[in-house]
Amino acid sequence: MAMINFLILPILVPLITAVILIFLNKSVIAQRWVSGLSAFVTVILSALLVNKVKNDGIQTLNLSNWDAPFGITLVSDMLSALLVLTTSIVAFACIIYSFKGIGEAREKYHFYAALQFLIVGVNGAFTTGDIFNLFVFFEVMLMSSYALILLGGTKIQLRESIKYILVNVISSGLFVIAVGYLYSVVGTLNMAHIAARISEISGISQPGVISIIGIIFLIVFGLKGAIFPLYFWLPGSYYAPPAPVMAIFGALLTKVGVYSIIRTYSLFFYEDGGYVQQVIMILAILTIIAGIIGALAYSDVKKIIIYNIIVAVGVILFGVSTMNESALTGSIFYLIHDMIIKAALFLLVGLMATITGTNNLKQMGGLIKNYPGFSWTFFLAALALSGIPPLSGFVGKVLIVQGGFSSEYFIGAAIVLASSLFVLISIMKIFINGVWGEPKTYANEKTVPYKQLLIAPVILVILSICYGVGADFIYPYMSQAAESLINTNLYIDAVLKE
Amino acid sequence: MEILMIIIAGILFMSATYLMLSRSVVRIILGTTVLSHGVHLLLLTMGGLKRGAPPLIGEEASAYSDPLPQALILTAIVISFGVTALFLVLGYRSYKELGTDNMEKLRGNDGND
Amino acid sequence: MKTSNVILQSMTKVLLFLIMIFSIYIFFAGHYTPGGGFVGGLLTSGAILLLLLAYDLQTVRNILPVNFLYMVAVGLVFAIGTGAGSLIFNKPFLTHAFGDLHVPILGELHLHTATLFDLGVYLVVVGVTMSIIQTIGGDDE
Amino acid sequence: MSLLHLAIIAPFIIAVFVPLIYKNIKSVHTGWFILPLPILLFIYFSSFISKTTNKQVTMESFSWISSLGIDFTVKVDGLGLLFALLITGIGSLVILYSIYYLSKQKEKLNTFYVYLLLFMGAMLGVVLSDNLIVLYAFWELTSFSSFLLIGYWYNREKSRYGAQKSMIITVLGGLAMLGGIILLYNMTGTFSITEIVAQADTIIDHPLFVAALLCILLGAFTKSAQFPFHIWLPDAMEAPTPVSAYLHSATMVKAGIYLVARMSPVFAEDTLWMGLIIAFGLFTLFWGSFSAVKQTDLKSILAFSTISQLGLIMSLLGVGAAALHYDQPKYFTVATTAAIFHLINHATFKGSLFMVVGIVDHETGTRDIRKLGGLMNLMPITFTIAIIGTFSMAGLPPFNGFLSKEMFFTGMINALHMDFDWSIIIPIIAWIASVFTFIYSMILVFKTFTGKYQPEKLEKKPHEAPIGMLISPIILASLVIVIGFFPNIIKPILVPAIETVMPMYEFDVHISMWHGFNTELVMTIGVIIVGVLLYLGLNKWRGIYGIFPEKLALNRFYDGLLDSMYKGSHSLNRNVMTGSINHYLSYMFLFMVVLIIGSLFGQNAFAFSTDNLAPIHFYEVILTLIVAISSIALLFAKSRIVSILLTGTIGYMVSLLFIVFRAPDLALTQLVIETISVSLFLLCFYHLPKKLTDDPVPVKVRNAVISVGVGLFVILVGLTAHSTKLFDSISQYYIENTYSEAAGKNMVNVILVDFRGFDTMFEIAVLGIAALAIFSLIKLRRNGGKKIENK
């Protein structure tokens, strides 16, 4: 019997888990077990989903049994399934890290429940095929992120959350009016249906209002995805919460924005004569530059990684904006790589800060002496981030550059290529000054559960290595994902079953 | 009527923006509430106004108002309520903890290197 | 916020009863006339809020010794459960079923799983509103 | 996976076991366990010599990322084999040397040998890969293993500085090279060198040919330390001396040479290729030798010497390329021969010299020639090796350096046949550089071993090095002599290598010590005479090094660039990332306003139509006016309570508007929610100051301008969207099916619980999370690590 509801499971399992966790607030041990197991189950389910999409093509589910476009439809194409899988993996790693890395106080106050809700939001956003439902999942994700960023209530958390929430409230407001504008013009909310309707008129004379709505969506998702010049809120906000939360934020939240740009752009705004495309490309390039400037500016380990999020967003969007098949495949390669490696790096940097008791590189040094395991994991992660072959960032970057060159966007492609160097400089600064250097003794060193905390980042880094070395195995998945972005009829037909 | 409503929504957006740009936490939070009103009115307007009876079957009407935007707005209202509530409590907590309602005093860029 | 206003208190008792009745009506009417889980839940919370204003937090706690966060979770269980029920029948998630059940003595009973879903909404709304009010109110002490 | 692949991977596999060996077997120096590997590999690769001399190419492929044309294809041809033999041969000697050089008690041998093995494997990969992407991967790995080796003594500031510098410069070049590789791929559709060479004729006309050429050259120049990228090499001398001998003189720095030689068949026909390589090579040759003379550190002398010699080989390859460009093998191929020949010779004498310097450093505790002197009698064997090495380097007979130096002169003289007016400067620069080469060679050997012995300046009392440490330099020095006397014994390695670079020509190489009394010999004699004179009068003319202002030095430039990069980005970021939410929002809103309004008019998208409007009633106008007035009044409200009331008013008016617009559910919900919200506002803001903090007037004005812009774009886009209704709403479906299919009468409610029940489910989840967040926010407070729970 074909399980028609299969694609909802990666949303449903964390949701149910979250509810169970609310009841388990008294026992930290039980919470750990339940959330860890559930996260593992989610990973397995998402992997099965990817496999199903690989074999049977795009999966759809018309919720409440109403035909599209009248109900809400969930759609798992390869891109969405892969992102769901990556999300689940990252979440699993962060949960494992949290067992020893977040502190019992936070665990007692619904940390795991909020985290599970966040996974619900992220997986939901990746899966939904309805533009308003996307908004709802954004809100689930955001509300959980508010909960997580606030949890603990330290001064810096309070201060930065006000900014974070404010920016997101604005972007949510814009999101709803953008949906309103779109609804006014095309009269429907199902994304495949919107795409079908827009492509119906695109041959004739497509009114400019579509481009404008495209721009507003770009701003809405760009705020989440932290593109230039909408990224200002990010460094401060991501700095505030503890490492596992930072890792989740850094790996997942911006990527939901990026995904939404990819999705809406490829479905709705691609055929608008290239205006939205140009805007995205210019902003992508500026985003890379802005990110690099930030990454080079600080001696604070967390900030260095945080600004690297912005660089990656720019690189991915550049690949998307070329709408060239290999660049697009590259972007998807890179997107997933970045989720894994950013999570690993944030956890590693968090571990570094836990050991040394500071975020400032100038007060660190010589960690390689007593923490070789950490040091080499970090080294590999740093190389992977910079796209050094055969680690995970490489294939994606090569494809983006190659696609950029072949579509003759030379400046952009060259900047993507050059960004690797600056990323490398910024991250190796941590290695050279923190891992190398005169060994020091640190006050809290003895009490840090170093080995346990190292497990999660090691898992992620191993994954990243396999991802790079096994690129041939992964490539068919990526190209299938890119295919449904380029040939949107695949997506539309799967949903509307025409 | 739609034009009037669009303009009203615009005014609400304008006020909201001005409030959110202010440095007082109270104004900022009130700004987000005003923003949500603007959003909801605009969304309703985008569906077309007064196209018929309220969307209740049995009103013996030949036409009904578009029920879909109404449903969306209802969802949006509830979500904004949740966000507003959280934001309010945050404003209150942070004032107690940080001792100020002035966002300019909360830049927190000291030791920024 | 200790208000010991006798008039307010006795008025509250009456009002509370009326609002509760109204909110339950609104809840059930939702499928046919304006109303539903949201409004019903909000009205109920409004009633409890009134109680809080008239008496104090402790009194409300005594009358309603409920952990409102659990109430939220229970509400979510209802909502999710309604949806997940369709998984068993391999119907799309959240497919509703409705029909008339013949019950001896009571006769025909109109049943709709959507009501169950709406009950979840109701519980969550009450739970959330009350837990917020209670948490903030409790912080004053 | 073939045996060849295994040979490349073997060092990586052994590297995995090194930490285990080191940990468990403390009594034996770890190096002894490593040593057999390069020796075995050397023997294995030697077995290919018979094949390559018969022009037989061995190719083995192992599919890796086949979908992208990236396969691990290994190709053993003359050039690859020559390098493979160098890598494993010198590698064996270096490891043997390191066993005596690095103390097993003091040094962390595990990391050292892991890095060294990584490097060896990577370097073999570079020279044996036929796939450019795989080559690039190994190329970067050599950069990083070099980085790790330079930073081996990681607690030293200078090591870290040198490591970073080499990494930045070589990775910069590597990325450029990657760009070039990708361009070549776009032109040919393949990453395979063999296939690209086969398509060489079509590539040359491609518009991106020059770009690819420049990118590839940038990669080669940075790796082979060509001016102005050479600055990383002297700082790389912070690495332990065996490393310097191996990576930074014999092998890694020659990867750039390898790349140029390997890609010559593709690019050599182009003038630019030839011109750039000659120009950079010659200048590097001169600059390196010139700078070497002023150094006082033995390793620095060798570093600059290496730079200079790399320039020499590079320039020879450039002149050799002229053979292809002019299709005149007669004059120019000798340069290619000289390049490859000198490459081998350089590895032998430079390797031995590095080891000698290592011995001196090891035995005396210093490498400063101002402190050294008179070691001849104390270290006679070392001295002998040094004499052989330096004389060969200076190009004196009967050593191998003399032979290649002569051939180098021949090549440079033949460059006069090029169709180029200024070609005479090529042999002139070559000659001048040779003079300086002579001088620093003499400095190196005589300032160290002759002159006054100054024991008071040395940290330890020097004596001859242990025999183990001497074996490797003795072997290399013997090679210097053997090749000097019997150069033709290396022909089986040499000729196939040359033929790979110039596959279209036949080579019949015969090298002999005596060519008769020709121009080259005259030049050499001139070098010796002038060199001796200048060496003796060194103190008189040394002043010219002071003329060159330190400020213009490239190192200063590099440091300044890096520093200004950090400082610039810091100050830029500091000015933008102020932490002020007002600033952030201002940027964002401004961007939105400009982009949206700009696009609206720029794209001619604005539309306005008065069709299809609902009628307006008088009471509606009143309602909207109240909304407008209260929202504007709100901006000027100074007190907390007034603001809350005004916000409440707006909310209630909105719910009245909902009634007007036939939305009873909305009205009801809005009404109740507004009531609860207002009470929450009052509850929460009860503790906040009664008077609201105000902004200064200029800020207010700026905020006002931005706000008007935001309001404007919402209105303009709203009007446009309203005026372009292209499709009917899908809502008709709900109107038709609500009762029959969903058994409800209130469409809005039915949409909420049924058609779009999924939205509702997560919307209440949002509410639930909000409750959790608020609960935890109030109850859990952590400050400075101390937990305060609020019961």
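User: Which element gives the most to the lining of the second largest cavity?

Analyst: That is α30(D), with five residues. This is a predicted model, by the way. At least two residues each come from α30 (664-685) of chain D and from α2 and α3 of chain B.

User: What makes a residue part of that lining, and which ones lie closest to the centre of the second largest cavity?

Analyst: A lining residue has an atom within 4 Å of a cavity point. The second largest cavity has 13 of them, and the closest to its centre are Thr33(B), Ser36(B), His37(B), Ile673(D) and Glu674(D). The space inside is about 120 Å³.

User: How do you know which classes make up the lining of the second largest cavity?

Analyst: Asp, Glu, Lys and Arg count as charged, and Gly is put among the polar residues. On that basis the lining divides into four nonpolar, eight polar and one charged.

User: What about the largest cavity: how much space lies in it, and which residues are closest to its centre?

Analyst: The largest cavity holds about 200 Å³. It is lined by 17 residues, and Val169(A), Ser172(A), Gly173(A), Ser36(B) and Ser80(B) are the closest to its centre. Two or more lining residues come from each of α6 (131-150) and α7 (155-186) in chain A, and from α2 (25-46) and α3 (67-98) in chain B. By class, this lining has nine nonpolar, seven polar and one charged residues.

User: How many cavities of 30 Å³ or more are there, and why would a space be called a cavity rather than a pocket?

Analyst: There are eleven of 30 Å³ or more. A space is called a cavity because a 1.4 Å probe fits inside but cannot get out, whereas a pocket is open.

User: What does the globule rule say about chain A?

Analyst: A compact globule of 498 residues would have a radius of gyration near 23 Å, and chain A comes to 21 Å, so the two agree. Along the principal axes, its C-alpha atoms fill a box of roughly 70 × 55 × 45 Å.

User: What share of chain A counts as buried, and what makes a residue buried?

Analyst: The cut-off is under 20% relative accessible area, and 79% of the 498 residues of chain A count as buried. The accessible surface of chain A is about 11,400 Å², with 62% belonging to carbon and sulfur atoms.

User: Is Lys55(D) buried, partly exposed or exposed, and why?

Analyst: Lys55(D) is partly exposed, because its relative accessibility is 47%, and that class runs between 20% and 50%. This lysine sits in the loop between α4 (49-53) and β1 (58-65) of chain D.

User: And why does Asp327(D) get the class it has?

Analyst: Its relative accessible area is 53%, so Asp327(D) is exposed; the cut-off for that class is over 50%. Its place is the loop between α16 (298-326) and α17 (329-364) of chain D.

User: What makes the phi of Lys55(D) and of Asp327(D) worth a look?

Analyst: Most residues other than glycine have a negative phi. Lys55(D) is not a glycine, yet its phi is positive, about 60°. Asp327(D), also not a glycine, has a positive phi of about 50°.

Notes: Residues numbered from 1 in each chain as written. Chains lettered and ligands numbered in written order. Predicted model: local features only at pLDDT ≥ 70, side-chain atom pairs only at ≥ 80, totals over all residues. Heavy atoms only, no water. 1 Å grid on protein atoms, 1.4 Å probe; cavity = no way out; pocket = protein on both sides within 12 Å on 5 of 7 lines; lining within 4 Å. Points joined across faces, edges and corners; volume = space filled by probe spheres on them. Helix = DSSP H or I, 4+ residues; strand = E, 2+ residues; numbered from the N terminus. Rg over C-alpha atoms; globule rule 2.2 N^0.38 Å. Buried < 20%, exposed > 50% of the residue type's maximum accessible area, 1.4 Å probe, protein only. Areas by Shrake-Rupley, 256 points an atom, 1.4 Å probe, with all protein chains shown as cover.
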